[in-house]
Amino acid sequence: MKVDVLLGLQWGDEGKGKVVDVLTPEYDVITRFQGGPNAGHTLEFDNKKFVLHNIPSGIFQGDKINVIGNGVVLDPITFKKEIDGLKAQGFDLKNSLFISKKAHLILPTHRILDAASEAAKGKTKIGSTLKGIGPTYMDKTGRNGIRVGDILTNFEEKYAALKEKHEQLIKMYGFEYNLAEYEQGLKEGIETLREFTLIDSEHELNRYLKDEKSILAEGAQGTLLDIDFGSYPYVTSSNTVCAGACIGMGVSPRNIGEVYGIFKAYCTRVGAGPFPTELFDEDGDKMREHGHEFGSTTGRPRRCGWLDLVALKYSVMVNGVTNLIMMKSDVLGCFETIKIATAYKMGDAVTEEFPFELPENLEPVYKEMPGWNCDLTGLKSEDDFPKELKDYIQYLEDELEVPITIVSVGPDREQTIVRE
């Protein structure tokens with residue numbers, strides 16, 4: 001039995017939550033392997049909308065095992081709010097959600113450090129969500145972090161020692177803060193974590209494989225935000241690519257099976273950083289309006305632009321994608337002409353390879369295609385696709401050399417068309 005991996009191929013917000021929810025009936029175990037509560041996975045079904053942060057999107061399929069892996073960073077305060085919100089809607093996760101002891105904890109002073117660091121950057125700020133993600137991963141690699149398993153013995157003593165270190169760092173920034181406000185809810189969050197089953201996830205996940213249970217690994221953020229392969233330094237603090245699943249779960253690379261790569265039929269980005277195909281005109285506004293492009297965690301308006309084939313080919317390559325899933329094709333239904341960036345022009349040079357960095361003078365080279373210019377949200381079958389959409393899909397498959405096996409034509413789980 002293999003671990004199938006599902007991840008985003010752009011700058012996040014591709015619609016991973018919906019796809020995981022659609023795919024979970026085929027799997028026994030769903031696990032998160034990296035990232036923190038800066039990830040917001042939105043799912044819509046039964047005329048209800050749910051936004052998940054740390055919790056795997058398989059929780060809405062009652063008979064599934066859900067695991068928060070060791071590569072995740074977990075905020076106890078946010079976790080409790082998420083659990084309480086789901087419980088109020090009839091979802092009690094005590095028997096279906098397991099948490100790795102090796103996952104690191106986001107503490108109140110991590111969030112303060114995040115805010116202080118971002119404020120100190122001024123105009124060069126990277127657009128952090130201020131959730132404490134970066135400082136937590138810094139403590140992890142600096143061997144100062146506190147892990148979920150540490151709440152079982154002497155947590156208060158460990159927290160006090162790390163808090164003192166953090167406060168010395170915060171003084172260097174000259175940042176004003178009210179620690180009591182940041183700490184509000186921490187004790188209750190820790191108690192909530194203690195109510196769940198904490199596991200040695202690497203042992204459990206490999207046991208599941210040995211017992212022939214199928215596993216789906218759910219990525220957060222997107223490939224172009226990967227700490228190594230993304231548009232550095234405007235990236236997240238973890239490895240969002242397929243290889244990160246092995247480290248964030250404790251499974252061997254030989255146990256990876258299918259790799260599902262999700263992308264929007266256009267591009268979006270939240271926060272600062274280069275975005276070659278970004279639109280600043282009516283087309284960009286139209287994409288944002290029709291796509292409801294606002295961050296599910298932060299509410300920030302997303303920057304919108306045409307599909308970037310240079311970046312998408314790069315993401316397919318570094319992840320070893322075997323199946324492509326195209327989201328939000330319905331959003332482009334209001335355009336008579338659609339553009340796709342096929343190369344980058346930098347000065348006199350033209351390249352189809354994603355470069356070391358994306359300079360300000362970069363100009364996308366576009367291919368134009370006829371738009372479908374119609375409403376797709378009521379379609380039930382690939383046979384109903386307009387010719388222009390079929391041509392768009394065929395062109396992308398030819399260029400990416402990977403089949404597009406699922407096309408989304410709306411936000412609901414029912415508006416998902418599996419292609420033969």
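**Backbone, sheet and core features**

In the predicted model, Leu130 is located in the loop that joins helix 3 (108-121) to helix 4 (133-141). Most residues other than glycine have a negative phi, and most peptide bonds are trans. Leu130 has a positive phi of about 60°, although Leu130 is not a glycine. With a relative accessible area of 38%, Leu130 is partly exposed, because this value falls between the limit for buried residues, under 20%, and the limit for exposed residues, over 50%. A positive phi is also found at Lys328, a residue other than glycine, where the value is near 55°. Lys328 belongs to the loop between strand 15 (323-327) and strand 16 (337-346), and its relative accessible area of 22% places Lys328 in the partly exposed class. A further feature of the backbone concerns the peptide bond from Tyr232 to Pro233, which is cis, with omega near 5°. Pro233 is part of the loop between strand 10 (215-218) and helix 9 (243-249).

Strand pairing is considered next. Strands of a sheet pair through backbone hydrogen bonds, either parallel or antiparallel. In this model, 10 strands form an open sheet with the order 9-7-5-2-10-1-11-15-19-20, and the pairing is mixed. From one strand to the next, the twist averages 25°.

Strand 1 (residues 3-8) pairs with strand 10 in the parallel sense, over four bridges, and Asp4 has Leu216 in strand 10 as its bridge partner. Strand 15 and strand 19 are likewise paired in the parallel sense, over three bridges; here Leu324 has Ile404 in strand 19 as its bridge partner. Strand 19 and strand 20, by contrast, pair in the antiparallel sense, over three bridges, with Ser408 opposite Thr416 of strand 20. Strand 19 (residues 404-408) is mostly covered, as five of its five residues are buried.

Glu363 is found in strand 18 and, at 47% relative accessibility, counts as partly exposed. Glu363 and Tyr344 are 19 residues apart in sequence, whereas their C-alpha atoms are 5.7 Å apart in space. When neighbours within four places in sequence are left aside, Glu363 is in contact with Ala343, Tyr344 and Lys345.

The interior was examined through its nonpolar side chains. In soluble globular proteins, nonpolar side chains tend to be buried together. The largest nonpolar core contains 58 residues, of which Met326, Leu332, Tyr392 and Leu396 touch the most other members. Helix 12 (residues 387-400) supplies the largest share of this core, six residues. Apart from residues up to four places away in sequence, Leu332 touches Ala265, Tyr266, Met287, Trp306, Ile338, Trp372 and Tyr392. There is also a second, separate core of 31 residues, which includes Ile55, Ala103, Leu105 and Leu193.

Aromatic rings provide a further set of interactions. A pair of aromatic rings is described by the distance of the centres and the angle of the planes. The structure holds seven aromatic pairs. One of the aromatic pairs, formed by Phe155 and Tyr159, is stacked, with 5.9 Å centre to centre and 5° between the planes. These two residues are four apart in helix 5 (residues 155-173) and are therefore separated by about one helical turn. Phe155 is buried, at a relative accessible area of 4%, and Tyr159 also counts as buried, at 7%. The aromatic pair of Trp372 and Tyr392 is edge-to-face: the centres are 5.3 Å apart and the angle between the planes is 65°. This pair links distant parts of the chain, since Trp372 lies in the loop between strand 18 (362-370) and helix 12 while Tyr392 lies in helix 12, 20 residues apart. Both Trp372 and Tyr392 are buried.

Finally, two lysine residues are placed over aromatic rings. The charged end of Lys286 sits over the ring of Phe335, at 5.0 Å from the centre of that ring. Lys367 lies over the face of Tyr395, 5.0 Å from the ring centre.

How values were computed. Residues are numbered from 1 along each chain as its sequence is written. This is a predicted model: local features need pLDDT of at least 70, side-chain atom pairs count only at pLDDT 80 or more; totals for chains, interfaces and linings use all residues. Side-chain values use heavy atoms; hydrogens and water are left out. A nonpolar core is a set of buried Ala, Val, Leu, Ile, Met, Phe, Trp, Tyr and Cys residues joined through side-chain atoms within 4.5 Å. Buried means under 20% relative accessible area, exposed over 50%, partly exposed in between (1.4 Å probe, protein chains only). Contact means heavy atoms within 4.5 Å. Rings of Phe, Tyr and Trp (its six-membered ring) pair if their centres lie within 6.5 Å; planes under 30 degrees apart count as stacked, over 60 as edge-to-face and the rest as tilted. A charge sits over a ring if NZ of Lys or CZ of Arg is within 6 Å of the ring centre and within 35 degrees of the ring normal. Two strands pair if DSSP finds at least two bridges between them. Axes are lines fitted to C-alpha atoms, for helices over the stretch in contact, and angles run from 0 to 180 degrees between N-to-C directions.
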